[in-house]
Amino acid sequence: AHYLFALCLEEDRPADAIPYLDYAIANNSTGMNLQPVRMGAMEVVRLEQQVPRDSTNAGLLQSIAEIYGKMGNTAGAAKYTALVARAKAHE
């Protein structure tokens, strides 16, 4: 489950990661606190729902990049950082 939720997050599929996060939390024999990752994934899902309506909102895109960065998801953070740069270029 850990590998699958990490892969989903890396591929910017946070909604797909949540069931694997839930499973990993419920069956966590190592005692790793995965709640912050789950909360971050839920927040990214919420923010990504706004992107189609406002795809040039640099603040929105930056928020997603920061959440991914806090999770240690460098690929997701880099994707949204690039989108921030592109949005700012269109301002």
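Me: Contact here means heavy atoms within 4.5 Å, so what share of contacts in the protein between residues at least 6 apart in sequence join residues at least 24 apart?
Reply: That share is 42%. The model is predicted, so local features need pLDDT of at least 70 and side-chain atom pairs pLDDT 80 or more, while totals for chains, interfaces and linings use all residues. Residues count from 1 along each chain as its sequence is written, and side-chain values use heavy atoms, leaving out hydrogens and water.

Me: How do you know that the span of helix α2 agrees with its 13 residues?
Reply: Helices are DSSP runs of H or I, at least four residues, and the expected span is 1.5 Å times one less than the number of residues. For α2 (residues 14-26) that gives 18 Å, and its end C-alpha atoms are 18 Å apart, so the two agree.

Me: Which residues of α2 are called buried?
Reply: Pro 14, Ala 17, Ile 18, Leu 21 and Ala 24, where buried means under 20% relative accessible area with a 1.4 Å probe, protein chains only. They pack against α1 (2-10), α3 (35-48) and α4 (58-71). Over the protein, buried residues are 34% of the 91.

Me: Why are α4 and α5 called roughly antiparallel?
Reply: Their axes, lines fitted to C-alpha atoms over the stretch in contact, cross at roughly 160° and come within 8 Å, α5 being residues 74-89. Angles over 145 degrees count as roughly antiparallel, and therefore the pair is roughly antiparallel. Residues making the contact include Leu 61 and Tyr 68 of α4 and Tyr 80 and Val 84 of α5.

How values were computed
Helix = DSSP H or I, 4+ residues; strand = E, 2+ residues; numbered from the N terminus. Buried < 20%, exposed > 50% of the residue type's maximum accessible area, 1.4 Å probe, protein only. Contact = heavy atoms within 4.5 Å. Axes fitted to C-alpha atoms, helices over the stretch in contact; angles between N-to-C directions. Parallel < 35°, antiparallel > 145°, perpendicular 65-115°, else oblique.
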